[in-house]
Amino acid sequence: MSRTREEVNLAGRKIVLIGTAHVSKESIAEVKNEIESLKPDCVAVELDEKRYNSMMDPESWKNLDIVKVLKRREGFLMLANLVLSSFQKRMGKNVGVKPGDEMLAAINCAKENNILFTLVDRPIQVTLRRAWAKNSLWGKCKLLASMIASAFDNEEISEAEIEKLKSGNEMDSMMKELSEYLPSVKEVLIDERDRYLASHIWESEGNTIVAVLGAGHLPGVKAYLEKLANGIMISDTSDIETVSEKSIAGKVIGWGIPIVIVALIVAGFFMGGRPIGTQMIGSWILWNGCLSALGALMAFANPITVLVAFVGAPLTSLCPLVGVGLFTGIVQALICKPKVSDIESLQEDVSSLKGWYKNRVLKVLLVFFLSSLGSTIGTFVATGKIASLLTKIGVK
């Protein structure tokens with residue numbers, strides 16, 4: 001049996017899993033043939049409601065409000081979404097297929113044959129938030145590095161190479177590589193979603209179901225379906241449908257760092273007098289402000305935005321509830337308002353360095369990211385400087 005098709009007969013139900021490459025002509029044909037020949041009671045597709053709505057309304061990007069995105073604290077999520085979609089779009093460019101065309105084909109085929117269809121994937125925002133939250137600081141750095149590398153990777157992939165992605169050896173190799181490089185990301189992107197997909201496929205109506213999903217999910221989804229059929233697990237996925245709040249330890253650390261910094265400065269005033277205390281405050285303001293402003297400058301931000309970065313970073317670094325990127329991003333967006341043309345060319349511009357500086361939406365995200373990064377580095381450097389000044393006082 002093909003690795004791209006798995007058929008399981010469980011508890012009187014027939015479930016056919018079709019594994020696809022998301023930019024494959026062959027996958028589109030395979031999906032259509034399976035649905036038309038089997039005439040299932042239900043077609044389950046690896047989509048969430050937001051991605052489905054985007055497919056149904058390709059012009060929805062024109063309604064993008066970057067200021068609202070930043071206010072909802074979704075700047076990093078949007079960055080990740082853009083990079084991932086741009087990468088998939090480049091993969092399908094040479095074969096004339098858009099990412100998700102096989103899912104759209106499955107839905108259209110179901111509609112044409114009056115077959116019920118259902119969306120069985122977890123919302124992408126939840127998946128990305130959980131992937132970010134589960135990572136250590138080093139893991140976050142590796143994740144950002146891999147995203148940046150993929151954004152500017154212009155290597156062309158042939159149709160034959162895309163079809164190979166569905167084969168067992170190629171897919172197993174990719175999964176192994178991902179689990180070794182970023183185990184927590186693999187857990188969220190693959191393992192959790194295997195369980196989520198299986199549970200929602202199991203809950204689909206009817207006794208004959210065709211499920212269309214990425215080839216990498218086939219083994220895991222099949223295994224979970226067997227567990228569901230045998231009563232080894234239940235279909236409740238509420239524990240992986242939200243981003244858990246920070247633990248008490250995490251909240252203590254989040255507030256503990258600013259408290260320690262303030263305590264060090266206060267100790268400087270007591271132990272070294274006003275000159276040392278003032279020098280500590282100056283170090284904090286200069287390192288935080290200058291490095292955040294430098295990040296904004298590297299993004300070619302408006303001078304007013306650069307000033308906001310310099311003034312805002314020393315203050316926001318003492319409050320874990322808000323980051324300087326929120327303010328610099330919003331100010332940049334208000335001063336240099338994105339145009340409709342910027343939104344229309346978003347998918348193309350994200351794949352080139354020139355595009356990030358030319359496109360006003362992408363520049364807002366660049367300002368947001370680089371000013372935040374500068375402030376983070378400045379916090380660590382300034383803390384070290386403050387601690388070293390206090391150490392010198394103690395030695396004396």
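Author: Start with helix α5. Its buried residues are Asp 101, Glu 102, Met 103, Ala 105, Ala 106, Ile 107, Cys 109 and Ala 110. This is a predicted model: local features need pLDDT of at least 70, side-chain atom pairs count only at pLDDT 80 or more, and totals for chains, interfaces and linings use all residues. Residues are numbered from 1 along each chain as its sequence is written, and side-chain values use heavy atoms, without hydrogens and water.

Reader: What makes a residue of α5 count as buried?

Author: Its relative accessible area is under 20%; over 50% is exposed, and in between is partly exposed (1.4 Å probe, protein chains only). By that cut-off, 47% of the 396 residues of the protein chain are buried.

Reader: What do the buried residues of α5 pack against?

Author: They pack against β2 (13–20), α1 (25–38), β3 (42–45), α2 (49–56), β4 (116–119) and β5 (208–214). Helices (H or I, at least four residues) and strands (E, at least two) are DSSP runs, numbered from the N terminus. The protein chain has 18 helices and five strands.

Reader: How do you know what span to expect for α5?

Author: Take 1.5 Å times one less than the number of residues. Helix α5 (residues 101–112) has 12 residues, and 16 Å is expected. From first C-alpha to last, α5 reaches 16 Å, so it is close to the expected span.

Reader: Why is Asn 114 called exposed?

Author: Its relative accessible area is 72%, and exposed means over 50%, so Asn 114 qualifies. Asn 114 lies in the loop between α5 and β4. Its phi is near 55 degrees, a positive value in a residue other than glycine. Most residues other than glycine have a negative phi.

Reader: What about Phe 300, buried or exposed?

Author: Exposed: its relative accessible area is 56%, so Phe 300 also passes the cut-off of over 50%. Phe 300 has a positive phi too, about 60 degrees. Its place is the loop between α12 (248–298) and α13 (303–316).

Definitions and conventions:
Contact = heavy atoms within 4.5 Å.
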